[in-house]
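Subject: Structure for you to look at

Hello,

Here is the structure I said I would pass on. Please open it first, then read the notes below it.

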Amino acid sequence: MKGSRVVVTGGAGFLGSYLCERLLGRGAAVVCLDNFLTGSPRNVEHLIGRPAFRLVECDLTGFVHVPGQVDLVLHFASAASPADYLRHPIETLKVGSMGTLHALGLAAEKGARLVLASTSEVYGDPLEHPQKETYWGNVNPVGPRSVYDEAKRFAESLTTAYRNSRGTDTAIVRIFNTYGPRMRPYDGRAIPTFIRQALLGEPITVTGDGTQTRSICYVDDTIDGVLALADSDFAGPVNIGNPAEMSMAALAETIRDLAGSSSPVRFVERPVDDPAVRRPDTTLAEERLGWRPRVDPVTGLRRTIDWFEKELNLSCSAAS
Ligand code: NAD
């Protein structure tokens, strides 16, 4: 990694900011491209000023040019929270399609390896459980979530076409729900919402009857998996996620207990096409990358709650 130069698209977002940090720690130079649609320079402000780090405001759907050597492109630009992508449907389709085209063009021009951040959402509301990489998915192409799911499915197809027809060195990682410090308290994803509500003593809003399941992976584990894939010559697609599966109701109760909160749980309407179950089969990641998650949900959630506690206090004092 030392001596290499890496472009991280979406580098000012939740996952991207950790990637920038870890790559710099490994001695790489990092160019972070972001239009700050759902991310913020604040996520990487601790890196600004390091000689090996460059933050460039850039919309990946427009013209993209990075002068000089590039060895690796980590293509992470895209809204990821349902609230974000439903608010920005066209932008999400554009970054998944045109943004991915430009990221692949950059990798092809520079002879760099590209890792596409895909998602467990390509499996849709799965009819196979747990989900293996060989499963093709069950996605409604005209449902509200399709702007994200289909954009990522197209991005996977485009990445595969570049690999097969142009010989570009590519890899696809299908990331399952990842959480940790630096998520936005109001980004609409379940974990930040539950933590915020628990800490503020508000009702914890669980959708449907709460029996739908998710498998949650702590951010450090996800980043380890992405970097292991980047370091390998494996094309994937490969699942990166923690198979520890729990119902949303159990997740809400666990968060409430860890936060020492007495918030009631309130059941609210379930979003359209919300998947009933979600659990990665991680056999392939273990075999090909020697990767497995290490942080159990209680430890990861405790760390995340501690961070949110500081973050929410900070915003209260900043507002007063
Ligand atoms: P995030 O919203 O925090 O980060 C996405 C970043 O991309 C933001 O900084 C945003 O400003 C940037 N961006 C969006 N459109 C852009 C454009 N046109 N040009 C340049 N930058 C643009 O989300 P995240 O959770 O960090 O997710 C990062 C990536 O990982 C996404 O591609 C997402 O699909 C994928 N992923 C994340 C998860 C998860 O649980 N966090 C799960 C599966 C897949």
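In which loop is R182 found? R182 is in the loop between β7 (178-179) and α5 (190-200). Its phi is positive, about 90°, although R182 is not a glycine. Please keep in mind throughout that this is a predicted model.

Seven strands form an open sheet in the order β3-β2-β1-β4-β5-β6-β11, and the pairing is parallel. β3 (53-57) and β11 (238-240) stand at the edges with a single partner strand each, so one side of each has no neighbour in the sheet. From one strand to the next, the twist averages 20°.

α3 (residues 89-110) lies across β1 (5-9), β4 (72-75), β5 and β6 (170-175), and runs at about 175° to β4. α6 (residues 219-231) lies across β4, β5, β6 and β11, and its direction is about 165° to β6.

Last, the ligand. It is surrounded by 29 residues, of which the closest are L15, D34, T38, Y148 and K152. By type, the shell divides into 14 nonpolar, 11 polar and four charged residues.

- N35: a backbone N or O atom lies 3.2 Å from a nitrogen atom of the ligand.
- L60: a polar backbone atom is 2.9 Å from a nitrogen atom of the ligand.
- R189: an N or O atom in the side chain is 3.0 Å from an oxygen atom of the ligand.

How much of the ligand does the protein bury? Taken alone, the ligand exposes 830 Å², and the protein buries 97% of that. The elements giving two or more residues to the shell are α1 (14-25), β5 (113-119) and α4 (146-166). The largest share, three residues, comes from β5.

Regards

How values were computed
Residues numbered from 1 in each chain as written. Predicted model: local features only at pLDDT ≥ 70, side-chain atom pairs only at ≥ 80, totals over all residues. Heavy atoms only, no water. Near = heavy atom within 4 Å. Polar contact = N/O pair within 3.5 Å; in protein donor to acceptor, adjacent residues only side chain to side chain. Areas by Shrake-Rupley, 256 points an atom, 1.4 Å probe, with all protein chains shown as cover. Helix = DSSP H or I, 4+ residues; strand = E, 2+ residues; numbered from the N terminus. Nonpolar A, V, L, I, M, F, W, Y, C, P; charged D, E, K, R; others polar. Pairing = 2+ DSSP bridges. Axes fitted to C-alpha atoms, helices over the stretch in contact; angles between N-to-C directions. Contact = heavy atoms within 4.5 Å.
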